[in-house]
There are 2 protein chains.
Amino acid sequence: MKFVIIGGDAAGLSAASRAKRAKPELEVTVLEQSEDVSYSACGMPYNIADPDRDIQELVVRRAEVFREKQGIDLRTGHRVDRIDREARTVSGRSAEGDFELPWDRLLIATGASSIIPAIPGVELPGVFSLKVLADGGRIKQWLREGQDRIRRCVVVGSGYIGLEMCEALRARGLEVAVVKPRPRLLPWLAEELVAEVRSELERQGVELHFGEGVEAIESAAEGLLLKTSERELAAEMVLFAIGVQPNNELAVDAGLDLGAGQAVAVDRSLRTSDPEIFAAGDCADAFHIVSGERVWIPLALRANRAGWAVADMVTGRGEPHLSGIAGTAVFKVFDLQVARTGLSEAEAKAAGFEPAAVTIRSRSRAHSHPGSSPIWVQMVGDRASGRLLGCQMVGREGAAHRINAPAVALHAAMTVADYAQIDAAYAPPFGPTWDPTLVAANQLLKKL
Amino acid sequence: MKFVIIGGDAAGLSAASRAKRAKPELEVTVLEQSEDVSYSACGMPYNIADPDRDIQELVVRRAEVFREKQGIDLRTGHRVDRIDREARTVSGRSAEGDFELPWDRLLIATGASSIIPAIPGVELPGVFSLKVLADGGRIKQWLREGQDRIRRCVVVGSGYIGLEMCEALRARGLEVAVVKPRPRLLPWLAEELVAEVRSELERQGVELHFGEGVEAIESAAEGLLLKTSERELAAEMVLFAIGVQPNNELAVDAGLDLGAGQAVAVDRSLRTSDPEIFAAGDCADAFHIVSGERVWIPLALRANRAGWAVADMVTGRGEPHLSGIAGTAVFKVFDLQVARTGLSEAEAKAAGFEPAAVTIRSRSRAHSHPGSSPIWVQMVGDRASGRLLGCQMVGREGAAHRINAPAVALHAAMTVADYAQIDAAYAPPFGPTWDPTLVAANQLLKKL
């Protein structure tokens, strides 16, 4: 049986590896349009922060390992242009010419791409986005070659990547300005928590211009000139980080259904609307564990896990044990940890719940323990059912790993009352006797 | 109605505060034998580590606040000698003389005491234990007054307190030797994890003598001489940290039932065998969330929570929403975080499960992220039901807060397969894409 996979990153190679391991006689072919496979995309901002590190250090497993040790027919530089569902083939181009390959089972793992707005100047040298390894390489090269000249960067957008890149670019000694069309930073984050992120950015010398659309980028004497609705910003570098979109073109052309966020719609076993074609990773949607609704939240763990689940389907292990996603995420903004799981208050309302929310401020260490810093927790519950719906956290320490406890509670569909009873760990260096999430749960109970 | 509470620390004062807040007309009297109330006992090793901090900094709320702001009749220096269940009174002694007080509802929150073995020399100056604030004060005074003379301490026992005190005493510049009768360090901890703790202690210059009983302490020319079954150790200070025992004397004399670990037996609503008498905190037992069995695991969060639950019972809020305990705990041993929740493999076997266990080594940060360190996870599941039974972790970062996620899973009686599906947070500075607990769960699944 021939198992063909389009895309050689997290989802595609997880599926390939697990399928080949389970069923060595399976012919597994992976078609990757770039030359890079199996790398830590999320590590790029941290790699860029350090001029002495090579971007290739982010490669987790080299192509030869997949080919020679794992017996996977991994072809880089192979761009698929068409899926033929009738003939059960994929066709495309590589440096060696056109190719066409038959498949019995197909996995679409084409990922997502940075959104670049259709404004003048986005093609100018010095204008970047950051999604694939080559993007990271280009940015490092630009910084290296222009190290005497490049002093300023404008980051357009302020999601995870944008904010992580603010830190990376400040670490490289650049002045950084953030421009974003929408007036509010991190619109999904509770207001008090946003305020902390904002003041951390300001404390770190990042200039913020929110509520300003970017209209054009022009070439100027000393570099680039970025024009917003309000001002002109001179810089030697511009980074677009306004978000990503699923690479759904092949699926659309093949007549497959789209789901949330224009991602490829998949059922709970990752089948697309064609039961022999699967989709996984950043190009596919998922079911939310709290709302039950289709959502598109492209994140690395899900991509890996979905790849495994597809392998289990293809190798005949049967329907995978694959839960929905909680949208659990964490990122670092300079010295702050920002974490979330589940639904925000607004998302809960939109999903038909009757949310109540509290925001509390606690401490990262016990009463009187030295080195303590504030930790903010927002918790959302449902008035109708008492169920825990979501949790968000911001702090200088102790937020990143703490978020997984409410995440587990969401998977277990726990009530806030049940969560408030969790026997959580306590020692003075690591938190107060009542874990901050328990303080939030106790407060939230009063509103439910 | 008169609500009398014996003991003015976590459980007693949590109960007093919450009861008085819910029902201001309630007469709440707290009888505390010492002069210290409401302090962070767990913070004592960290306070002792710093000669410039006063032990009184550990007081969370002063006695006057309870008296004047909260309207609680808090009497320090009042030692209760007898509970009369017929007459519904307690009697005892204070500096002002004997007292007798009537009660309608009584809470026994007498805590626990350090175990001091019956060997010669334990009463010598320089021999300490560490349970109450006065113990901490005495140790600080001893170190301060003898700062030119005190160079060596022998810690007898190696539980949480013993190991935390190793760190504190090393921070004070002392040479530290640990002596313990049992041959194995932290017998509840998985072997590979124990090895890490042991090498951390050695790395920090702590001398270890395990499997040696302490036979006597003698006064010597330059201080003390501690004699074990194997050797003589000279020191200027000895700390007994071989464990604690519940202060159950009043309950025993009153004919109340004892439960696990000779603690006062309580039902799920914290009633003792006399339904008008409650017990909470370190003197009372509890039900384990995994085994359902009575256990005695005296920890601070439970004491606070049990105090609240008793207040709800006394003020007529009805049966409290009080879950069992998971035995979740964390402590710091120099640069290591050691955390646990649920049952160890041996405990699981003893509780009638068919445990399978795996130990994995993962990293605290993502592939190629700088500053990463190893993190060990042991996970225990039940072959018969597939249920998650327990988890242990050791690492230099990321263990302390990570343990709460499996703790929540224990409360939800999740299977290992369900836990393996948790949508956990990922960002390169905080862990690998697959959270270490997920790596452990995936491995454990293969053995179930």
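Colleague: How much accessible surface does chain A have, and what share belongs to carbon and sulfur atoms?

Modeller: Accessible areas come from the Shrake-Rupley method with a 1.4 Å probe, and for residues only the protein chains shown count as cover. For chain A the total is about 17,100 Å², with 46% of it belonging to carbon and sulfur atoms. Please note that this is a predicted model, in which local features need pLDDT of at least 70 and side-chain atom pairs count only at pLDDT 80 or more, while totals for chains, interfaces and linings use all residues. Residues are numbered from 1 along each chain as its sequence is written, chains are lettered from A and ligands numbered from 1 in the order in which they are written, and side-chain values use heavy atoms, leaving out hydrogens and water.

Colleague: What percentage of chain A counts as buried?

Modeller: A residue is buried under 20% relative accessible area, exposed over 50%, and partly exposed in between (1.4 Å probe, protein chains only). By that rule, 60% of the 448 residues of chain A are buried.

Colleague: Which helices and strands does chain A have, in number, and how compact is the chain?

Modeller: Helices (H or I, at least four residues) and strands (E, at least two) are DSSP runs, numbered from the N terminus. Chain A contains twelve helices and 25 strands. Its radius of gyration, taken over C-alpha atoms, is 23 Å. The C-alpha trace of chain A spans about 65 × 60 × 40 Å along its principal axes.

Colleague: Where does Glu57(B) lie, and what does this residue touch?

Modeller: Glu57(B) belongs to the loop between helix 2 (44–48) and helix 3 (63–69) of chain B. Its relative accessible area is 35%, so Glu57(B) is partly exposed. Contact means heavy atoms within 4.5 Å. Leaving aside residues up to four places away in sequence, Glu57(B) touches His367(A), Ser368(A) and Asn47(B). From C-alpha to C-alpha, Glu57(B) and Tyr39(B) are 8.6 Å apart, although 18 residues separate them in sequence.

Colleague: What share of the contacts in chain A joins residues 24 or more positions apart?

Modeller: Among contacts in chain A with a separation of 6 or more, such pairs account for 63%.

Conventions:
Rg over C-alpha atoms; globule rule 2.2 N^0.38 Å.
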